[in-house]
Amino acid sequence: MPSTDLSLSERLKSYQSFTAPAVEPVVEGRLLRVIGLTMEAVGFHAAIGCPCSVIDDHGEELEAEVVGFSGDKLFLMPVKSIQGVRSGARVIPQKTDKKLIINQHLLGRVIDGLGQPIDDLGSIPNDDLAPIKSAEQTRINPLQRAPIVEVLDVGIRAINALIPVGKGQRLGLFAGSGVGKSVLLGMMTRFTTADVVVVGLIGERGREVKEFIEHSLGEEGLKRAVVVASPADESPLMRLRASQLASQIAEYYRDQGKDVLLLMDSLTRYAQAQREIALAIGEPPATKGYPPSVFAKLPQLVERAGNGKVGSGSITAFYTVLTEGDDLQDPIADSARAILDGHVVLSRQLAESGIYPAIDVEMSISRVMTSIVDKTHIKWLQRFKQLLANYYKNRDLINIGAYIKGSDNEVDLALEYFPRLQQFIQQDISDAVYCDVSLLELRSIMDALCVPEKPAASK
Ligand SMILES: Nc1ncnc2c1ncn2[C@@H]1O[C@H](COP(=O)(O)OP(=O)(O)OP(=O)(O)O)[C@@H](O)[C@H]1O
Ligand SMILES: [Mg+2]
């Protein structure tokens with residue numbers, strides 16, 4: 001028995017060991033209504049982002065997340081199908097400190113938006129777990145980010161030479177459907193000199209996931225890659241989670257000092273998933289059916305890529321953007337162009353004439369090129385663009401035979417060089433062309449047209 005010399009509070013404390021531990025009350029609510037994918041629950045309070053379990057008819061737990069509220073009513077979105085859920089079903093809020101497997105064992109694996117493996121290589125060793133991090137939690141002070149000063153070799157001649165990509169740069173790959181975005185991403189995955197490649201296949205066809213892994217990546221490519229796949233038939237929440245997971249995995253490797261190439265196919269599907277959720281919980285649509293929150297979420301995702309603090313690695317990212325009906329003014333394309341550090345545009349016209357990769361050099365730009373390549377290189381690539389532009393401007397006249405050679409020196413040059421310029425852009429799916437070769441080839445065309453001076457790949 002405790003001594004009577006102790007104070008009252010100390011005596012009470014010592015008696016606690018004789019009493020049974022308090023049982024935490026289980027708070028739960030009920031499902032009121034389901035409209036489309038949105039579930040409305042009442043009877044408990046939970047914050048936005050709180051995971052919940054909805055108990056279905058067979059006693060199975062379905063995972064959902066709080067995405068909004070109105071008074072005492074909570075709006076939830078399911079992670080998977082809600083088949084079997086009925087009115088009055090129990091809704092139990094879960095702890096928010098759920099952890100994910102984010103470690104070096106992810107290399108060579110294909111996982112879903114919840115971090116679970118979907119390949120047949122068994123479970124992933126979970127010796128290193130990390131909490132799910134939001135964009136706010138991983139935000140880097142812009143003044144502490146290392147500047148973009150070095151070139152990243154992506155193994156594509158036209159990009160290496162004419163749209164040079166810097167380590168830590170975020171680019172958009174803009175094109176209509178079926179113009180070759182996925183094939184180009186696949187080539188970069190195999191050919192890049194980055195240490196790790198993280199691929200997010202978001203909202204695209206399920207068939208393409210297997211195709212991408214087997215054909216585009218291949219066994220060799222997969223060894224240094226992590227693929228996060230959430231095809232179109234999955235819930236919008238799952239697609240959002242997959243995009244965020246791909247970004248968090250890229251951050252993990254960047255913080256280990258690695259140069260990471262993050263490929264996200266596609267940013268448009270990410271925006272559409274965000275649109276589905278926002279509309280479902282009652283946010284009014286603004287531009288082309290997209291509610292304003294979509295445009296706020298895009299930079300949050302994109303800002304996760306880029307260079308880390310000085311001394312850590314880099315995340316160079318390519319986000320594909322579907323330009324519906326080849327309309328570059330599409331609101332998502334427009335917004336993406338404003339927040340990215342450059343864009344590679346693929347042209348349907350080139351693809352239709354069998355020119356692959358169908359990179360429209362005139363329309364594409366790397367906004368960091370002046371800080372990563374030297375002046376001679378810039379002079380060459382500008383001259384290349386001028387000649388192409390001159391040819392396209394006068395193409396109709398040339399084609400109908402109305403242009404008379406000798407009328408304009410610049411057009412004569414464009415006419416003479418055009419076949420070589422077009423040849424330069426083309427590249428076979430199975431051939432890599434690294435930076436040094438790309439530059440030598442660009443030099444061999446441009447030497448005669450510019451002041452000859454030996455360029456260096458990077459400063
Ligand atoms: N480099 C290439 N060489 C030869 N053919 C190519 C090349 N790139 C693309 N193609 C052809 O174009 C087709 C469509 O390419 P891809 O699937 O990459 O387009 P996409 O822009 O990703 O389309 P979507 O928007 O529908 O996803 C391919 O199936 C292939 O036939
Ligand atoms: Mg595609």
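Is Tyr-252 buried or exposed? At 17% relative accessibility, Tyr-252 counts as buried, where buried means under 20% relative accessible area, exposed over 50% and partly exposed in between (1.4 Å probe, protein chains only).

The legends below describe a predicted model, in which local features need pLDDT of at least 70 and side-chain atom pairs count only at pLDDT 80 or more, whereas totals for chains, interfaces and linings use all residues. Residues are numbered from 1 along each chain as its sequence is written, chains are lettered from A and ligands numbered from 1 in the order in which they are written, and side-chain values use heavy atoms, with hydrogens and water left out.

**Figure 1. Overview of the chain.** The secondary structure comprises 13 helices and 17 strands; these are DSSP runs numbered from the N terminus (helices, H or I, at least four residues; strands, E, at least two). Along the principal axes, the C-alpha atoms fill a box of roughly 110 × 50 × 40 Å. Of the 459 residues in the chain, 52% are buried.

**Figure 2. The surroundings of ligand 1.** The shell around ligand 1 holds 13 residues, the closest being Gly-178, Lys-181, Ser-182, Val-183 and Arg-205; a residue is near a molecule if one of its heavy atoms lies within 4 Å of it. Helix H3 (residues 181–191) supplies the largest share of this shell, with 3 residues. By class, the shell divides into 5 nonpolar, 5 polar and 3 charged residues (Ala, Val, Leu, Ile, Met, Phe, Trp, Tyr, Cys and Pro count as nonpolar, Asp, Glu, Lys and Arg as charged, and the others, Gly among them, as polar).

**Figure 3. Polar contacts of ligand 1.** A polar contact is a pair of N or O atoms within 3.5 Å; within protein, one must be able to donate a hydrogen and the other to accept it, and residues adjacent in sequence count only if both atoms are side-chain atoms. A polar side-chain atom of Arg-205 lies 2.5 Å from an oxygen atom of ligand 1. The backbone also takes part: a polar backbone atom of Gly-180 is 3.1 Å from a ligand oxygen atom, and a backbone N or O atom of Val-179 is 3.2 Å from an oxygen atom of ligand 1. On its own, ligand 1 has 630 Å² of accessible area, of which the protein covers 71% (Shrake-Rupley method with a 1.4 Å probe; for residues, only the protein chains shown count as cover).

**Figure 4. Aromatic pairs.** A pair of aromatic rings is described by the distance of the centres and the angle of the planes. The whole structure contains 6 aromatic pairs; rings of Phe, Tyr and Trp (its six-membered ring) pair if their centres lie within 6.5 Å, and planes under 30 degrees apart count as stacked, over 60 as edge-to-face and the rest as tilted. Tyr-252 and Tyr-253 form an edge-to-face pair, 5.0 Å centre to centre with 80° between the planes. Tyr-253 is buried, with a relative accessible area of 1%. The pair of Tyr-392 and Phe-418 is edge-to-face because the planes stand at 80°, with the ring centres 5.7 Å apart. Tyr-392 lies in helix H11 (residues 375–399) and Phe-418 in helix H12 (residues 409–425), so this pair ties together parts that are 26 residues apart in sequence. Tyr-392 is partly exposed at 25% relative accessibility, whereas Phe-418 is buried at 10%. Ring pairs link Tyr-391, Tyr-392 and Phe-418 into a cluster.

**Figure 5. Charges over rings.** The charged end of Arg-275 sits over the ring of Tyr-290, 4.2 Å from its centre, and Arg-157 lies over the face of Phe-424, 5.6 Å from the ring centre. The criterion is that NZ of Lys or CZ of Arg is within 6 Å of the ring centre and within 35 degrees of the ring normal.

**Figure 6. Ser-266 and the cis peptide bonds.** Ser-266 is placed in the loop between strand E13 (259–265) and helix H6 (267–280), and is buried at 3% relative accessibility. The peptide bond from Asp-265 to Ser-266 is cis, with omega near 10°. A polar side-chain atom of Ser-266 lies 3.1 Å from the backbone nitrogen of Arg-269. Another cis peptide bond joins Tyr-356 and Pro-357, with omega about -10°; Pro-357 is in the loop between helix H9 (348–352) and strand E17 (365–366).

**Figure 7. Backbone of Lys-288.** Although not a glycine, Lys-288 has a positive phi of about 45°. Lys-288 belongs to the loop between H6 and helix H7 (292–302) and is partly exposed, at 49% relative accessibility.
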